[in-house]
Amino acid sequence: MSVKQNININNSTKNNQIEKSANQGVDIVWNNVTYEVNLKNTKRQVLRGVSGISKKGQINVIMGSSGAGKTTLLNLLCCRAENTSKVSIKGEIRANGKEYNSNDFSNFAAYVTQEDCLMEAMTVREIIQFSADLKTRGSQEEKKNLVDQILKMMRLEKCQNSLIGGLMIKGITKGEKKRTSIAIELVSNPDVIFLDEPTSGLDSFTAYNVIDVLQKYAREQNKNIICTIHQPSSEIFMKFDNLLLLVEGQFIYQGPCSKVIEYFAQIGFQCPFQSNPADYLMSIVHAESQKNRDNYSLYFETYQQNLAPIIQDQIQIQKQQLSLLDNQKASFFKQLGILIERQYKNLSRNPMLFQARLIQSALIGIFIGIIYLPLPSSYDHRDDQRLVNDLNGAMFFLIQNSHMNSLLPIVLCIPLERNIFLKEQNQKLYHVLPYFLSKLIVEIIMVFLAPLILGSISYFMIGLNPNFGKFCFYQLVSFLQSFAGNAQGMFIGALFSNAQTAITVAPLVVLPFYLFGGLFKNISDFPEWNSWFQYLTSYRYSFEALVHNNYEGSPFTIDVSEQLNFTLGKWNSVLYLFCLGVGFQIIAYFTLKMSVKKLQ
Ligand SMILES: Nc1ncnc2c1ncn2[C@@H]1O[C@H](COP(=O)(O)OP(=O)(O)OP(=O)(O)O)[C@@H](O)[C@H]1O
Ligand SMILES: [Mg+2]
């Protein structure tokens, strides 16, 4: 249940969309908001009925010691928290006088998370362009102009063609990354921008730069900027317009930054001359000191007497306003096209995902070819069981390689991209289906290329059936086996949010499938209670298809299919293999869809 569902809904408000007047901006108000966590034996109120207002045209900053509830409040305002068995949320949150939910939110606001979740292999311009393509309508020229404007505004022109970078690729600086994260959000021209700790991890000059850009944006374009911040320098502190000071889930000050020192001086807390006001405020509110904790009741009482009534008045004055917001999102096919382009760039620019896999297939192809090279000709060994066993082993090895070569990279790739995917899902940038399909479509390149390289090098070296039609059939089977591997990889990757866990678990999930493939143990030797498992493994179908393919019409006098009890037939095996791959892809899609949860 969303925040909205737990609060008084004004019945006269039929329209769910948040309204604003053109260029008039949006004010956010919240009234009596409570966030309660059910712990084992007790309940803990993280936010204790807070009310506040964040106005357009200024930077509103939520400050407070660690654990005061800053991020919790920000998440509530961004509809990123919901009522669960552990968490109970109450209160009223409105934008320009109207309550909003997570669907309305993306129409007028944006959230910049503390972590910069950006695709490493994309350039700054490409990332902003990607966002423009998905979030706005208009001609390519208009979108390009928009991106140019934003690059200029965020002072990213110099690094616009540099890669974001990360562990594998050298890229832009932390400050540039933060400004890129903000720039992505500016594309949809939101009226309210929420930022959680936008300066954390930045040096003081870079931090100042980020806040300076935000301040100009708020003032010049009448935007409402709401951010949390830990301990700003005095230069940064002076740039904020409105301060909301939280202590243990309650406000102790709300008003202009320029007046906070005077306010606390009046109740006996005088900031020493020439010291940083933000440092001083933190020093009198942090919960580590008993003296501070003793003063909390004085802070709360003074706030209730002096400031709370003013805030209440302002909340009541908020009026419902004018024109409807337009949702400008791209259509399904547009989303798919844009996502395919991004996935392709990511694949082709990432050496670990592209070149390394192709080289690996070539090397394994040469390796297995060399190992099997001296095998005798089947014409001279028509009834040689040893030769049959060797060839069976080689075929099984090849399909196993095609399977794993497509499974493992995708198992890693999905959890590694997860933060970006979840962030974009929270922004309602695109649906899960186009994302899933874009991954699948781009991966099909590898699903096809890797087995093709492997088979082309090793098939004839090993001495498998030299008929060209048989070779093509072998390629079809290994392509489908690779497709099944991709589907299982998608499934395992979607199941685990952590890449390391996913890659550790992957072999455990895959290994039992080998055993039921028909090589290591004859399929008719499985006891009844587990024999059904063979029908869930792609190895069973691909191996049977290859056995029929290799020995039917060959000089061998041994009936290998009968020996292995393979009775499905060549083409049936291919059909089942295809269906299994599609089935796994569908399961993977729903697993990914279910994994989309609200970012906190
Ligand atoms: N779902 C939850 N379950 C349990 N505790 C929670 C939950 N959400 C918040 N809290 C607790 O509420 C308190 C406030 O958390 P919050 O993240 O809002 O703090 P903060 O002011 O942002 O701190 P910081 O400056 O360290 O980021 C913390 O003690 C946190 O552990
Ligand atoms: Mg926080």
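Which residue has a polar backbone atom 2.9 Å from an oxygen atom of ligand 1?

**View 1. Surroundings of ligand 1.** The residue is Gly67, whose polar backbone atom is 2.9 Å from a ligand oxygen, in what is a predicted model. A polar contact is a pair of N or O atoms within 3.5 Å; within protein, one must be able to donate a hydrogen and the other to accept it, and residues adjacent in sequence count only if both atoms are side-chain atoms. A polar backbone atom of Ala68 is 3.2 Å from an oxygen atom of ligand 1, and a polar side-chain atom of Thr72 lies 2.5 Å from an oxygen atom of this ligand. There are 14 residues around ligand 1 (each with a heavy atom within 4 Å of it), and those that come nearest are Ser66, Lys70, Thr71, Thr72 and His230.

**View 2. The open sheet.** Six strands, in the order β6-β7-β8-β3-β9-β10, make up an open sheet with mixed pairing; strands are DSSP runs of E with at least two residues, helices are runs of H or I with at least four, and both are numbered from the N terminus. Two strands pair if DSSP finds at least two bridges between them. Because β6 (109-112) and β10 (250-256) each have a single partner strand, they stand at the edges, and one side of each is left without a neighbour in the sheet. Strands β3 (residues 58-64) and β9 (residues 242-247) run parallel and are joined by five bridges, with Val61 opposite Leu243 in β9.

**View 3. The loop around Asn465.** Asn465 is placed in the loop between α14 (432-462) and α15 (468-495). At 10% relative accessibility, Asn465 counts as buried (under 20% relative accessible area, with a 1.4 Å probe and protein chains only). Leaving aside neighbours within four places in sequence, Asn465 is in contact (heavy atoms within 4.5 Å) with Tyr459, Lys470, Asn549, Asn550, Glu552 and Ser554.

**View 4. Two annotated spans.** The unreviewed UniProt entry annotates residues 358-375, 436-461, 503-520 and 574-592 as "transmembrane region", an annotation that may be inferred rather than shown by experiment. Residues 436-461 are 100% helix and 0% strand, with end C-alpha atoms 38 Å apart, whereas residues 503-520 are 72% helix and 0% strand, with end C-alpha atoms 25 Å apart.

**Notes to all views.** Residues are numbered from 1 along each chain as its sequence is written, and chains are lettered from A and ligands numbered from 1 in the order in which they are written. Local features need pLDDT of at least 70, side-chain atom pairs count only at pLDDT 80 or more, totals for chains, interfaces and linings use all residues, and side-chain values use heavy atoms, with hydrogens and water left out.

Note on methods. Buried means under 20% relative accessible area, exposed over 50%, partly exposed in between (1.4 Å probe, protein chains only).
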